Structure formats: structure tokens, C-alpha cells
Amino acid sequence: MAAVVQEVLPPVLDSTAEPPTLFDGTTRLYTSYICPFAQRAWIARNYKGLQDKIKLVPIDLENRPAWYKEKVYPTNKVPSLEHNNEIRGESLDLVKYIDNHFEGPSLLPEDPEKKKFAEELLSYSDTFVGTVFSSFKGDPKADVGAVFGYLETALSKFDDGPFFLGQQFSQVDVAYAPFFERFQPILLEVKNYDITTGRPKLAAWIEAVNKIEAYKQTIRDPQEVLGCLKRKFFGH
């Protein structure tokens, strides 16, 4: 990982905030401090040591500025990246873009087999996230145990380290970490379900990820995260 940079986070912009001067040569990551999808791109930026190269522009998702949809990103979602006079979106695409187009340590190993497995796991992340969210909504077909079991098995493929691709922290870990930050405590509190029980590889992965400085810099207050999830899915 790049050298640790302690960053003072900019204030969140709500509907009363003025827009930045768009396309002035500044590279901006439009984000939300509480959105797990946006957190993916934020972690990738930090890991590559780009705190001075990519400016964070945090958006208040509960009270979004109108200019964000009108002038920046018509889908009105985060994350989006302003770079080279273009706006790009979609969290996994941005993780790859940041990794491929900026200096800093790579988030993918050279090994072709690991690269192929990375694509499989990145694709599976939509199934994983969708299944757990569906379970929060009470869908009886949402098999939470199966998706966590799939990842436990995936962590057994390469035994040269605790991460999904073995020794190296990668795009795959970036993709999953923000959701584990949320799913582990909410499932334990609301469903009394411990995702690490009987899954030693997953427990070791969580422990290893929690030591990655680029990720630690993005972690929010657990009670804030839990509160957001409870309001959204459980009405309290």
C-alpha cells in the first residue's frame, strides 16, 4: 500500500451547497461517507495514495444538491468520478478505473489465474449484496447462509495469504469490505446471526481487512451505520 496519509475529510454538501467549478482540471470523487458502493472507490483511491490527486466531494444523500443531478451525474447516484473532463460512474467500474489510470500500488496481482478468479468474484458481488439486502426485506428465497458459504469456499482457493487472491489485498477485497462492515453487525443484532460461525477463513479475512489502513480511513461510526440500515430496512 502507498504511504499512510491522514486526511481531514471535507464537509458533506447538501441542497444549500454551491457546486464546485466543474471540469477545471481537478479530479473529483463524488461520494457519500455512509454509502458502501461509494466506499469502494474511496478505498481504492486511498490504497493507491491518491489523496492529493483525487479530491473527495461528499454528497448528502438525504438532501442532495440539485446541481449534482443536473450538472454532474444525471443518475443522481454516488460514486462518480470527474476526470479528464468526463464523468464516470458505477462503483466496481470506478475501482478498476482508478487502479488502471492512476499511479500507486496495483490492486490486482500479475498471476493470470488470480486475475480470472478476481473477475468471477467481482461479478458474484452483485449476487452477494442483492441476496443479503433481499433477506432484510423478508424474502424467504434469500439464502444468506449460502452466499456467505460461497465466500468462505472462495477464500480457500489461494492459501498464500488471508485475502481473496491470497497474499495481496485486491479489487475483490475492496468490493466486499464495505458490505461486511454493515452486514456483520446488522445480522448479529437484528437476526442474531454470526456470519463467522463455522467460517474460519471469513473470520481471518475480516481481521486482515480491518488492518488495511486505506480501508480503516473510510470506516464510519458503527452505530451510525447500523442506524442507517435499521431505518432503511427495519423501520427503526
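A: In α9, the buried residues are Val225, Leu226, Gly227, Leu229, Lys230, Phe233 and Phe234. Buried here means under 20% relative accessible area, with exposed being over 50% and partly exposed in between, using a 1.4 Å probe and the protein chains only. Keep in mind that this is a predicted model, where local features need pLDDT of at least 70, side-chain atom pairs count only at pLDDT 80 or more, and totals for chains, interfaces and linings use all residues. Residues are numbered from 1 along each chain as its sequence is written, and side-chain values use heavy atoms, with hydrogens and water left out.

α9 has 13 residues and covers 17 Å from its first C-alpha to its last, close to the 18 Å expected at 1.5 Å a residue. That expected span is 1.5 Å times one less than the number of residues. As a general point, an α-helix has 3.6 residues a turn, so residues three or four places apart point the same way.

What do the buried residues of α9 pack against? Their partners are α4 (112-136) and α6, with contact meaning heavy atoms within 4.5 Å.

α9 (222-234) also matters for the largest pocket, where α9 and α1 (36-47) each supply at least two lining residues. α9 gives the most to that lining, with six residues. The pocket itself has a volume of about 700 Å³. Of its 23 lining residues, the closest to the centre are Cys35, Pro36, Phe37, Leu61 and Lys232. By class, the lining has 13 nonpolar, three polar and seven charged residues. Nonpolar covers Ala, Val, Leu, Ile, Met, Phe, Trp, Tyr, Cys and Pro, charged covers Asp, Glu, Lys and Arg, and the others, Gly among them, are polar. A pocket, on a 1 Å grid over the protein atoms alone, is an open set of points where a 1.4 Å probe fits, with protein on both sides within 12 Å along at least five of seven lines; lining residues have an atom within 4 Å of a point. Points are joined across faces, edges and corners, and the volume is the space filled by probe spheres set on them.

Now for α6, one of the packing partners of α9. α6 (residues 171-191) has 21 residues, so at 1.5 Å a residue it should span 30 Å, and its end C-alpha atoms agree at 29 Å apart. There is still a kink of about 35 degrees, centred on Phe180; the bend at a residue is the angle between axes fitted to the seven residues ending there and the seven starting there. α6 is mostly covered, with 15 of its 21 residues buried.

Just after α6 comes Asn192, with a positive phi of about 55 degrees. Most residues other than glycine have a negative phi. Asn192 sits in the loop between α6 and α7 (200-209), and it counts as exposed because its relative accessibility is 66%.

Technical notes
Helix = DSSP H or I, 4+ residues; strand = E, 2+ residues; numbered from the N terminus.
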